[in-house]
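Student: I have a structure open and would like to go through the terms used for it. Can we take them one by one?

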Amino acid sequence: MTTTCAASFCSNSRYLAKKHNIDIIFHKFPTEPVLLRKWILFCKQEDKWTPSKNHILCSSHFVKDDYQLINSPSKENKKTFKKLKPVGKPLLSI
């Protein structure tokens, strides 16, 4: 499983985020073709690069307005989670 952000210019990883307690979320690539293409271009990888189902993009590349806040359904866990807005909404901070 890939643990490093797919953006060629980013070194954020799940390991470092956990080790240093950094508030970074990692997102799977979307399946919607137009949005997927936008994410691929943003990553600036080699020509014809296509992300696998395990590639991720970190939250450092999104703006606050790309997210919606979701309350935990658990009565014991009162946390609020950040989730990307539905398909077509996220803007990617490019």
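Tutor: Start with contact, which means heavy atoms within 4.5 Å. In that sense the buried residues of helix 2 pack against strand 1 (26-28), strand 2 and strand 4 (80-84). Keep in mind that this is a predicted model.

Student: Which residues of helix 2 are the buried ones?

Tutor: They are Leu35, Trp39, Ile40, Phe42 and Cys43. These residues span an arc of only 160° around the axis, so they lie on the same side of helix 2. Pro33, Val34 and Leu41, on the other side, are exposed.

Student: Why do residues three or four places apart in an α-helix point the same way?

Tutor: Because an α-helix has 3.6 residues a turn.

Student: What makes Cys43 count as buried?

Tutor: Buried means under 20% relative accessible area. Cys43 has 0% relative accessibility, so it counts as buried. Cys5, at 6%, is therefore buried too.

Student: How many aromatic pairs does the structure hold?

Tutor: It holds 5 aromatic pairs. One of them joins Phe9 and Phe42, with ring centres 5.5 Å apart and planes at 80°.

Student: Why is the pair of Phe9 and Phe42 called edge-to-face?

Tutor: Centres within 6.5 Å make a pair, and planes over 60 degrees apart make it edge-to-face. With 5.5 Å and 80°, the pair is therefore edge-to-face. Phe9 lies in the segment before helix 1 (14-19) and Phe42 in helix 2, 33 residues apart. Phe9 is partly exposed because its relative accessibility is 47%, whereas Phe42, at 8%, is buried.

Student: What makes Phe29 and Trp39 an edge-to-face pair?

Tutor: Their rings are 5.4 Å apart centre to centre, with 65° between the planes. Phe29 is in the loop between strand 1 and helix 2 and Trp39 is in helix 2, so the pair ties together parts 10 residues apart in sequence. Both residues are buried. Ring pairs link Phe29 and Trp39 with Trp49, Phe62 and Tyr67 into a cluster.

How values were computed
Residues numbered from 1 in each chain as written. Predicted model: local features only at pLDDT ≥ 70, side-chain atom pairs only at ≥ 80, totals over all residues. Heavy atoms only, no water. Buried < 20%, exposed > 50% of the residue type's maximum accessible area, 1.4 Å probe, protein only. Helix = DSSP H or I, 4+ residues; strand = E, 2+ residues; numbered from the N terminus. Arc of directions from axis to C-beta. Phe/Tyr/Trp six-rings, centres within 6.5 Å; stacked < 30°, edge-to-face > 60°.
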